[in-house]
Amino acid sequence: MHEEAIRKADVLIAALGYIRKFHGRFTVIKLGGSVMEDPESLRALLVDIVFMQTVGMRPVVVHGGGKAITAAMEKAGITPHWVKGRRYTDDATLGIVARVLAEEINADIERHISKFGGRASGLHHKTHQCLYGRRLLLEEADGTKVDLGRVGEVTEVDVEPIENLCLAGVVPLLPSLAEDEDDETKLLNVNADTAAAAVAQALKAEKLVFLTDTPGILRDRNEPSSLISSLTPAGCRELIAEKVIDKGMIPKVEACLTSLEAGVLKTHIIDGRVRHSLLLEIFTDSGIGTVIGNDLADDVTPRTPAGRKPVLIR
Ligand SMILES: Nc1ncnc2c1ncn2[C@@H]1O[C@H](COP(=O)(O)OP(=O)(O)O)[C@@H](O)[C@H]1O
Ligand SMILES: CC(=O)N[C@@H](CCC(=O)OP(=O)(O)O)C(=O)O
């Protein structure tokens, strides 16, 4: 019992350096649909976020909810349709996206955070809109325009309300919806990874953390022990060219690279299904997922069975 108590104190002391280092700094946390599907994982993550806020860090949550949107569309008899990794968004789909993200998921996260003793507040078109954007225009290789409907990209972030909530000890919660800068009565559906990157850049955040359903970036997607602990932007580009980084991981890594270029110090891709993954990544030397930063080395050393890997100062 005595030993166990001392071990607990050691853990607290080990966290102290990180708490000091990140005190008053913004960490943008992106919650993806895959993580939010599992109530137990979500609960543990929200407790981590309450912990971060309580010790004086400034967590800011940006969330998607792709799986819940798909389920709601199917219930409404609309078949989801994907174009270049984005959900084709007609007006009926946009209505569902806005309802599911802002009124259901956002409100649910807010309720849970308050149940765990924290304070959180949704920032969106029903409360206070902070993300503004324009329609996303993509082209095929032959120059033909791709029609994505009401899909957008963020062009501007109103940082003041986000900062004010953080200063007041409240966690801001932003769904990945932007107001159309060409028509203020309309919304745009934004990929949540790119929305999180836009918020991290605007806040000049210390960290941008993606919580997803894989241990991090894997060299072999079917082999969790092939986790790559740390990467440089150049290392990421090589892995994209080699198609080791593929599919849903591409927008995440690209969001990491643009954020690093814009001054965010470190970006992380971690497994939101692991209990307290956020605390383990931020408050321990070894972390649990992949960290991408300008001043890191590409570290592809496999982990030992105990999950240890070379010490890395994050
Ligand atoms: N090298 C890689 N390492 C890990 N996952 C990868 C890699 N390349 C592609 N992926 C895929 O990316 C997925 C994560 O992206 P996505 O499904 O969009 O997550 P989310 O819903 O959390 O945003 C993983 O489940 C995996 O299938
Ligand atoms: C344009 C576009 O595709 N938008 C996404 C927004 C939600 C999202 O990105 O959710 P995840 O993070 O759970 O994937 C969508 O409609 O699914």
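View 1. Welcome to the shell of 16 residues around ligand 1, where G32, T212, L218, G248 and M249 come nearest. A residue is near a molecule if its C-beta atom, placed from the backbone, lies within 6 Å of it. This shell has 5 nonpolar, 7 polar and 4 charged residues. Here Ala, Val, Leu, Ile, Met, Phe, Trp, Tyr, Cys and Pro count as nonpolar, Asp, Glu, Lys and Arg as charged, and the others, Gly among them, as polar. Please keep in mind that this is a predicted model, in which local features need pLDDT of at least 70, side-chain atom pairs count only at pLDDT 80 or more, and totals for chains, interfaces and linings use all residues. Residues are numbered from 1 along each chain as its sequence is written, while chains are lettered from A and ligands numbered from 1 in the order in which they are written.

**View 2. The surroundings of ligand 2.** Around ligand 2 there are 14 residues, and G33, G64, G66, R87 and A192 are the closest. Both α4 (66-75) and β4 (86-87) contribute at least two residues each to this shell. Helices (H or I, at least four residues) and strands (E, at least two) are DSSP runs, numbered from the N terminus. By class, the shell around ligand 2 holds 4 nonpolar, 8 polar and 2 charged residues.

**View 3. Residues annotated as a binding site.** An unreviewed UniProt entry gives the annotation "binding site" to G65, G66, R87 and N189. They are spread over 125 residues of sequence, yet they cluster in space, with a largest C-alpha distance of 11.9 Å. R87 is part of strand β4. UniProt positions are given in the numbering used here, feature names are shortened, and annotations may be inferred rather than shown by experiment.

**View 4. Helix α4 against helix α5.** The axes of α4 and α5 (residues 91-115) come within 9 Å and cross at roughly 130°. Axes are lines fitted to C-alpha atoms, for helices over the stretch in contact, and angles run from 0 to 180 degrees between N-to-C directions. On the α4 side, A68, I69, A72 and M73 make the contact, and on the α5 side T93, I96, V97, V100 and I105 do. Two residues are in contact if their C-beta atoms, placed from the backbone, lie within 7 Å. By class, this contact of α4 with α5 has 8 nonpolar, 1 polar and no charged residues.

**View 5. Helix α3 against helix α5.** Helix α3 (residues 39-54) packs with α5 at an angle of about 65°, their axes 9 Å apart. R43, L46, I49 and V50 of α3 meet I109, H112 and I113 of α5.
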